[in-house]
Amino acid sequence: MNYDLLQISLNIILIITSLYFICIAAFTLGLYNLKEKNYNIDKSSTTKVSVLIAARNEEENIENILLSLYNQTFPKELFEVIIIDDHSEDNTKTIIDNFINNNKDFNMQVFISEGKGKKAAISQALHKAKNHLIIVTDADCILNTLWIENIVAFYQKTKSKMILAPVLLTSSNTLFEKMQVLEHLSLMGSTAGSAAIGFPVMCNGANMAYEREAALEVEKLRHDFNIPSGDDMFLLEQFVKNYGYKNVKFLLSKSAIVKTKTCKTIKDFFKQRRRWVSKTKSYTNWKIITTALIVFFFNISIISLLISAFFIPALWSLYVLLTLLKFFIDFPLLKNITNFMNQSNLMKWALPLEFIYPFYVTFTAISGLLINVSWKGRK
């Protein structure tokens with residue numbers, strides 16, 4: 001047994017663990033300092049809004065979001081909805097057309113995408129938009145009736161170039177669904193916490209807003225349109241590069257929460273997560289890259305200890321200890337975000353998830369970077 005090599009390996013794990021603790025502690029501190037607050041709209045300063053949605057094969061979901069938008073408390077004359085149908089192969093566009101015909105008082109338009117993929121669709125919608133504030137969501141989401149009103153009020157108060165907002169996965173009946181929701185909440189907590197400390201490293205394209213002119217300006221500088229995924233993260237990168245971290249804010253408001261469904265099968269879940277991971281090799285922001293690497297190598301460290309423990313039994317206790325340590329590091333962040341999202345009942349699954357999470361992270365990270373990913377019939 002090479003004890004020197006073992007000692008070096010354990011020292012590396014100690015360093016990675018320390019970096020992970022610092023990273024999550026910073027995000028947790030940001031989240032705890034990010035107080036929930038509802039702002040009132042300044043009616044003397046009217047802000048007009050364009051809501052952009054890319055839709056592909058969403059016949060099961062599209063009517064829900066159309067109704068959510070129609071029932072918004074924000075005055076209908078102050079916002080438009082632009083939907084780009086990304087060459088759907090089902091009745092998505094027919095449902096939208098029928099909704100438009102039956103609601104003539106609603107400013108909604110639908111177009112066929114000139115390109116392929118969500119990124120091209122949102123870009124097309126952006127160029128068709130007429131209003132100052134852009135809000136983007138997904139076709140499979142359900143919105144609170146105060147959604148637009150809250151985002152507009154927050155924008156009027158902060159004048160942020162980009163606003164990130166909460167997304168909640170719904171349907172947590174099975175254990176698989178519960179763990180999806182909890183894992184996604186940890187990502188949302190990190191998104192909010194990192195933005196709160198002026199260090200935004202994540203966002204979710206299902207719920208974000210930005211100034212139209214700023215988006216058109218950064219679009220000229222983006223070099224990621226040849227990459228199918230990452231419509232949200234690459235946009236965040238370019239906004240930060242152009243306007244600085246302080247111009248990206250997170251809106252912590254229950255009325256601004258957007259709800260979307262969990263994946264139905266494990267296969268769909270891993271396909272979605274690999275799609276998310278596949279874009280990371282093209283990131284250029286060192287803070288985003290560093291955070292991703294710290295999380296990845298910390299989870300690799302846990303797996304390495306588990307494998308080594310089969311050959312060096314003394315490492316079993318260290319493996320369990322490191323997994324429990326991860327739980328205690330993650331717990332405050334998870335506790336805060338689950339309380340905010342009214343999902344605190346899921347915390348009882350947090351510890352079991354910690355024993356599964358390293359394998360899931362490692363598998364999706366490696367496979368997402370090495371294997372071609374397909375989504376809705378496209379690679």
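Q: Which polar contact joins the side chains of Glu211 and Tyr155?
A: A polar contact is a pair of N or O atoms within 3.5 Å; within protein, one must be able to donate a hydrogen and the other to accept it, and residues adjacent in sequence count only if both atoms are side-chain atoms. Here the two side chains are joined at 2.6 Å. The side chain of Glu211 also makes a polar contact with the side chain of Lys161, at 3.0 Å. Please note that this is a predicted model, in which local features need pLDDT of at least 70 and side-chain atom pairs count only at pLDDT 80 or more, while totals for chains, interfaces and linings use all residues. Residues are numbered from 1 along each chain as its sequence is written, and side-chain values use heavy atoms, with hydrogens and water left out.

Q: Is Glu211 buried or exposed?
A: Buried means under 20% relative accessible area, exposed over 50%, and partly exposed in between (1.4 Å probe, protein chains only). Glu211 counts as buried because its relative accessibility is 9%. Glu211 lies in strand β8, residues 207-211; helices (H or I, at least four residues) and strands (E, at least two) are DSSP runs, numbered from the N terminus.

Q: Which residues is Glu211 in contact with, leaving aside its neighbours within four places in sequence?
A: Contact means heavy atoms within 4.5 Å. On that basis Glu211 is in contact with His132, Leu133, Tyr155, Lys159, Ser160, Lys161 and Phe239.

Q: How many cavities of 30 Å³ or more does a search of the whole structure find?
A: On a 1 Å grid over the protein atoms alone, a cavity is a set of points where a 1.4 Å probe fits but cannot get out, and a pocket is an open set with protein on both sides within 12 Å along at least five of seven lines; lining residues have an atom within 4 Å of a point. Grid points are joined across faces, edges and corners, and a volume is the space filled by probe spheres set on the points. The search finds one such cavity. The largest cavity holds about 140 Å³ of space. Its lining has 14 residues, and those closest to the centre are Ile122, Tyr210, Arg222, Asp231 and Leu235. Two or more lining residues come from each of α4 (118-128), β8 and α7 (212-219), with α4 giving the largest share, four residues.

Q: What volume does the second largest pocket have?
A: The volume is about 250 Å³. Of its 16 lining residues, Leu34, Tyr39, Phe154, Lys249 and Phe250 are the closest to the centre. β9 gives the most to this lining, with three residues. By class, the lining has 10 nonpolar, two polar and four charged residues. Ala, Val, Leu, Ile, Met, Phe, Trp, Tyr, Cys and Pro count as nonpolar, Asp, Glu, Lys and Arg as charged, and the others, Gly among them, as polar.

Q: What is the phi of Asn57?
A: Most residues other than glycine have a negative phi. Asn57 has a positive value, near 55°, and lies in the loop between β1 (49-55) and α2 (62-70). Asn57 is partly exposed, at 26% relative accessible area.

Q: Where does Asn342 lie?
A: Asn342 lies in the loop between α11 (315-340) and α12 (350-370). Its phi is positive, about 60°, although Asn342 is not a glycine. Asn342 is exposed, with a relative accessible area of 55%.
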